[in-house]
Amino acid sequence: MKLIDNWKQAWKLKSVQVGALSAFFYALILFSEQFLSVWYLIPQELKNKIPENIAEWVGLFIGVATVLARLKKQPELHDVNQFVTITAGHSNTDPGAVRGKDKEADFVVKVRNAVELYLLRAGLEVKTDGSGGINLPLTNAIQIAKGASTKVEFHLNASDNPKANGIETIALPKDKKLAQAISQAIAGVTGGVLRGDKGWIDQSQSARGKLGFVTNGGLVVELGFLSNAAEFAVLQAKYWLVAKAIADVIIQHEKALK
């Protein structure tokens, strides 16, 4: 193969620049989900060390990748005329339960993002209360969830008793089976115990009283106890597997609604 004259300067040619740009966006479309998967796995401590000028470009890149991942046509459920809402408990201004450096709101955002990614891969339309590290307040989450066929919000429990443990999903009686299935899927990954009725807590029997998200037809999933160091350590280590287990339950539930 014979190269053109001055091939080392070929990058200056408009045709080469346009071709390279097209190849870049084509690769981004193909691998947007994989890039997001890797990004969410990177510890926040390392992300915080990225120089500010570079972080701005990384943020832009992540935003584009997120949009492309949402737009990609998926093979299994792309013809379903329904959508799922997945939200993270508390918000960027309300950390929820706190133990040392660990905050409930930060962890449930990671779970939300991971569940969303698996649902998108299955072809479901998904709405969330933010992308990346964004976690909007409950009032926004309730509005976003309006009209959704399935509405799930993630939380962590906390107790003055450091040995308190277990998984539960608070929901109305109409969602009892789905609530049990989600709790059991989590327990299948973490080995945790189920609280309430095989993982389901009837809102009317909950010590928390009426939860706005549940009153509006949603399910509040308590993944485990942040106050229990051992239980939370397992959740941290296996949150991607937990997210996939939850997503699989939601996917099967959505298929049954068709």
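Me: How many helices and strands does the protein chain have?

Reply: This is a predicted model. The protein chain has nine helices and eight strands.

Me: How much of the protein chain is made up of buried residues?

Reply: A residue counts as buried when its relative accessible area is under 20%. By that criterion, buried residues account for 44% of the 258 residues in the protein chain. As for the surface, the chain exposes about 13,900 Å², and carbon and sulfur atoms supply 59% of that area. Among contacts between residues at least 6 apart in sequence, 78% join residues at least 24 apart.

Me: Which pairs run parallel, and which are antiparallel?

Reply: Let us take the pairs in turn. E1 and E5 run parallel and are joined by five bridges; within this pair, Ile86 has Val152 in E5 as its bridge partner. E5 is also joined to E8 by five bridges, and these two strands run parallel. E6 and E8, by contrast, pair in the antiparallel sense over three bridges, and Thr169 has Val221 in E8 as its bridge partner.

Me: Why is E8 described as largely enclosed?

Reply: The general idea concerns side chains: in a regular strand they alternate between the two faces of the sheet. In the present case, seven of the seven residues of E8 are buried, so this strand is largely enclosed by the rest of the structure.

Me: Which residues of H5 are buried, and where do they stand around the axis?

Reply: In helix H5 (residues 138-145), the buried residues are Ala141, Ile142 and Ala145. They cover an arc of only 100° around the axis, which puts them on the same side of H5. These buried residues pack against E1, strand E5 (150-157) and helix H7 (212-215). After H5 comes Gly147, whose phi is positive, near 85°.

Me: Which residues of H8 are buried, and which are exposed?

Reply: The buried residues of helix H8 (residues 229-237) are Glu231, Phe232 and Leu235. Their arc around the axis is only 95°, which puts them on the same side of H8. On the other side of H8, Ala230 and Ala237 are exposed. The start of this helix also deserves attention: a side-chain oxygen of Asn228 reaches to within 3.2 Å of the backbone nitrogen of Ala230.

Me: Which residues other than glycine have a positive phi?

Reply: Two may be mentioned, including where each is found. His90 has a phi near 65° and is found in the loop between strand E1 (83-88) and strand E2 (98-99). At 24% relative accessibility, His90 counts as partly exposed. Lys198 has a phi near 55° and lies in the loop between H6 and strand E7 (200-202). At 55% relative accessibility, Lys198 counts as exposed.

Me: Is the loop residue Asp175 buried or exposed?

Reply: Asp175 lies in the loop between strand E6 (168-171) and helix H6 (176-190). Its relative accessibility is 10%, so Asp175 counts as buried. Leaving aside residues up to four places away in sequence, Asp175 touches Gly217 and Leu219.

Key
Residues are numbered from 1 along each chain as its sequence is written. This is a predicted model: local features need pLDDT of at least 70, side-chain atom pairs count only at pLDDT 80 or more; totals for chains, interfaces and linings use all residues. Side-chain values use heavy atoms; hydrogens and water are left out. Helices (H or I, at least four residues) and strands (E, at least two) are DSSP runs, numbered from the N terminus. Buried means under 20% relative accessible area, exposed over 50%, partly exposed in between (1.4 Å probe, protein chains only). Contact means heavy atoms within 4.5 Å. The arc is that of the directions from the helix axis to the C-beta atoms. A polar contact is a pair of N or O atoms within 3.5 Å; within protein, one must be able to donate a hydrogen and the other to accept it, and residues adjacent in sequence count only if both atoms are side-chain atoms. Accessible areas come from the Shrake-Rupley method with a 1.4 Å probe; for residues, only the protein chains shown count as cover. Two strands pair if DSSP finds at least two bridges between them.
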